[in-house]
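Me: I'd like to go through a few labels and ask what stands behind each one. Could you take them one at a time?

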Amino acid sequence: MVVFDIVLRKFTPLNFKIMQTQSFDRNKHIYKNDAFVELVKDAVRFFNGTPVHTLPPPESFLGTGVYALYYTGKLDIYKKYGELNRLSYNFPIYVGKAVPKGWRQSRISDNPENQSKELFNRLKEHSRNIVAGHELNLDDFMCRFVIFESDGSDMISTIEAALIKIHRPLWNVALDGFGNHTPGNGRFQQAKSNWDVIHPGREWAEKCTGEYTPKETILENITAHLNSIG
């Protein structure tokens, strides 16, 4: 009984710290930082000034980062991109990223003392997919990229999103699926992507058994997107 009385006195309302509630004010939850905006703009400007290389790049390299692919060929479906990129590479057909190993699980930053070839390997993978894709010629593609090291690698997703928002690349916005990976064993019930409908050839995509979007509908979406750029 004595112990019970002590416990009861300890937790009487007089001893509680009453949390003061506040009325809701949305403005108190908005983060604003002009320096961050300028940092993103500066990274985009740097990206746009980097050298353009063949796909894949001529030499292997270490690092992670953000990249863009540019179409320069004469295939009718992408002819407008070829014309827009004839004099300068300002209209990427695809923008992507390569993050440090383990980033998705633990959000670790890039470690300059133990770097891998994530970015170079990603570009090589895209090269193989283009070679496999119907009517595509690897010689019609160029690429540029930025390597983010150490804490800078935490900006990779932000810069990728900024570039997609600015350029609205066709293979990101209107023809999805180019960056997809094999779904793995037992998961082929899904539909193959719109990209694989237009450019069949990837072995794993042909195994997908789900109902996919009709080719005619996809082509209409591509035409509408092309009419909105340049």
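Reply: Gladly. A polar contact here is a pair of N or O atoms within 3.5 Å, one able to donate a hydrogen and the other to accept it. Keep in mind that this is a predicted model.

Me: What makes the pairing of the side chain of His-199 with the side chain of Tyr-78 a polar contact?

Reply: The distance is 2.6 Å, and the cut-off is within 3.5 Å. The backbone oxygen of His-134 also lies 2.9 Å from a polar atom of the His-199 side chain.

Me: Why is His-199 called buried?

Reply: Buried means under 20% relative accessible area; His-199 has 1%, so it counts as buried. His-199 sits in the loop between helix H8 (194–198) and helix H9 (203–206). Beyond its neighbours within four places in sequence, its contacts include Leu-75, Gly-133, Leu-136 and Trp-171.

Me: How do you know that the length of helix H2 agrees with its 15 residues?

Reply: At 1.5 Å a residue, residues 34–48 should span 21 Å, and the end C-alpha atoms are 21 Å apart, so the two agree.

Me: What puts the buried residues of H2 on the same side?

Reply: Val-40, Ala-43, Val-44 and Phe-47 are buried. They cover an arc of only 100 degrees around the axis, which puts them on the same side of H2. An α-helix has 3.6 residues a turn, so residues three or four places apart point the same way. The buried residues of H2 pack against strand E2 (64–71), strand E4 (141–148) and helix H6 (156–167), while the face turned away carries the exposed Asp-34, Ala-35, Arg-45 and Phe-46.

Methods:
Residues numbered from 1 in each chain as written. Predicted model: local features only at pLDDT ≥ 70, side-chain atom pairs only at ≥ 80, totals over all residues. Heavy atoms only, no water. Helix = DSSP H or I, 4+ residues; strand = E, 2+ residues; numbered from the N terminus. Buried < 20%, exposed > 50% of the residue type's maximum accessible area, 1.4 Å probe, protein only. Contact = heavy atoms within 4.5 Å. Expected span 1.5 Å × (residues − 1). Arc of directions from axis to C-beta.
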